[in-house]
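Hi,

Here is the structure I promised to send over.

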Amino acid sequence: MSESCVFVGVIDCMYGNLLLVGMGMGSTGIISKACSRNDGNGAGTVAPPARILKYGNETQELLKWASRLLLNLLQSFYAIGHICDAGVEIWVFVHFGSFCILPSPYGISKKLTFRQKKKYGISKVLELLQWVADIGVKSVCLYDPEGVLKKNKEPIMQRFSSANLSEEAAVNGRLVTRRNLTLEFVSFEDGKEAVAKAANYLFVKHYANGTKEKSDFTEPQMAEALGAIGSGGADPDLLLIYGPTRCHLGFPAWRLRYTEIVHMGPLKSMSYGSLVKAIFKYTMVHQNYGS
Amino acid sequence: MTKKIGDQAGKMFEYFGSFLRKCIFSVLSVGPVPDHIAFIMDGNRRYAKKRNLLDGAGHRSGYLALMNMLKYCYELGVKYATIYAFSIDNFRRRPEEVQSTMQLILEKIEDLIKEESMVNQYGVRIYFLGSLKLLSKPVRLAAERAMVATSGNSKSVLSICLAYTSSDEILHAVQECCGEKWDEGSALESKGAGNGLVFLKGNENGKIKPSIVVKDLEKHMYAAVAPDPDIIIRTSGETRLSNFLLWQSANCLLYAPPILWPEIGLWHLVWAVLDFQRNFSYLKEKTKLS
């Protein structure tokens, strides 16, 4: 394993979603964290489809009501199960105090205006980046499906910018900070769209001389093409998702092959302890890579 | 006599279990039901080691668990199911292990084509996704036979990923798109329409006309036979996707129960579906935005 540590984080400021991708303890380790707005998604928020039963109207209504009640009950048990599970996690953290600072309590959802939400999201991200930098992570990638973070990276750059910014680091949107923390900003376009651009690049390179090449493209050629169009970058070792659900939201597929994907819960309730726990768990993982 | 009673008792339990399942699925169906569930069947070898079974017995137990899970999915109303049967990376295993796994796969493909199998009971059409040219001839021919034999089924779809990785799938799609664009260009040139070949002479003029788009790539993906998965379930608690459906899983719920694959049961599926229903509006919103 290489020595540098990279975190990749993605913030979706529109919805307060942050997907922080971190590179682990190796030179190409990246830790991803997805932070997401805690909009209090609860059980039973979906409109059920109509279901036609073969009985009389009244019986139909009664059966429909009973089914909805049972489903809501099931979903409540599911939610309670998750809350109990979270409670156990907090206890574990307090117990093993040597690994972490006491974790922050789970946040209570607040109604904020859009601007406040945006500010709130950025401040949380800055705090998160500070934590990962303190841990010793060398490289962080912030993934935001809508690309809001890419367009609004000034606060982060101001906080973490280095006095001597190398030109090579500025290429491909990678920024080397004062603490030698490499920051990268990625959005949904760097996923599927980038592969399409890479396909065009490969076509021009291998077919432009007027003859059809017989050999198939290889993975190194694809990686070189992605690098050439500005969507290269090492594969994350660890992807931390801060959000309501464990979903990578379109992070570049080519870079996600063997990445450990961990769900950290909402951004509002992020804690240093859970971050350390996730990294610790990652270090205990053994991958066979198929063999 | 005792055997007869035993058989009858067994049948009664089966009917009762089936009835209970129907009740649970009726309740679940009030909410949104996922259209497509994918499974990474991890943990067969660890299961065999845990139970002190012979080599290969873990995979056989895994096959039984798979048949049960597919049955539950199709009963619930999930139309598409995809399974990660054998990765290109798995060819790196010991040759004897690869050989015995291939033998088991061949045996089970033959079982699936039989008249009385689950596949025909639920009207399942089978597709094999992956670089099938990497497989040995008997397995490849059996796979092709299974696809032809089930081509008339239309109620549900089972996609079996054999010699598959997502990166190979993406490369294959890129290769196919480039080949297609080349053929289009050559056809235009043969008709005398030289203007269509700007992209071929891009390097000289410096004008490169991008002609491959995301839709072209998606058309050539192995997994284009089914819509994007709604849930990917990986057992044994491992949290990575191991090069499985990376392109298709952008807005997909990833569920990783800590049990080994042969230990998976109805409740894990119910839990996954409840999780999906709980996050349905969020995931739908994300799909619309992308």
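Let's start with B:N90, which sits in the loop between strand 2 (80–87) and helix 4 (95–113) of chain B. Helices (H or I, at least four residues) and strands (E, at least two) are DSSP runs, numbered from the N terminus. This is a predicted model: local features need pLDDT of at least 70, side-chain atom pairs count only at pLDDT 80 or more, and totals for chains, interfaces and linings use all residues. Residues are numbered from 1 along each chain as its sequence is written, chains are lettered from A and ligands numbered from 1 in the order in which they are written, and side-chain values use heavy atoms, with hydrogens and water left out.

B:N90 has a relative accessible area of 11%, so it counts as buried (under 20% relative accessible area; exposed is over 50%, partly exposed in between; 1.4 Å probe, protein chains only). A polar atom of the B:N90 side chain is 2.8 Å from the backbone nitrogen of B:S87. Setting aside residues up to four places away in sequence, B:N90 touches B:V98 and, across in the other chain, A:G290 (contact means heavy atoms within 4.5 Å).

That brings us to the interface. Chain B puts 63 residues into the contact and chain A 64. About 6000 Å² is buried between the two chains, 62% of it from carbon and sulfur atoms (the accessible area, 1.4 Å probe, that two parts lose on being put together, summed over both).

How many salt bridges are there between chain B and chain A? The count is 3, taking a side-chain nitrogen of Lys or Arg within 4 Å of a carboxyl oxygen of Asp or Glu. One joins the side chains of A:K192 and B:E218, at 3.2 Å from N to O. On the chain B side that touches chain A, helix 7 gives the most, with 10 residues.

B:K108, in helix 4, is buried, with a relative accessible area of 16%, and touches B:R60 and B:Y63, not counting residues up to four places away in sequence.

B:P229 is in the loop between helix 9 and strand 5 (231–234) and is buried too, at 3% relative accessibility. B:P34 is 195 residues away from B:P229 in sequence, yet their C-alpha atoms are 8.3 Å apart. Beyond its neighbours within four places in sequence, B:P229 has contacts including B:H36, B:L245 and B:C252.

Cheers

Definitions and conventions
Polar contact = N/O pair within 3.5 Å; in protein donor to acceptor, adjacent residues only side chain to side chain.
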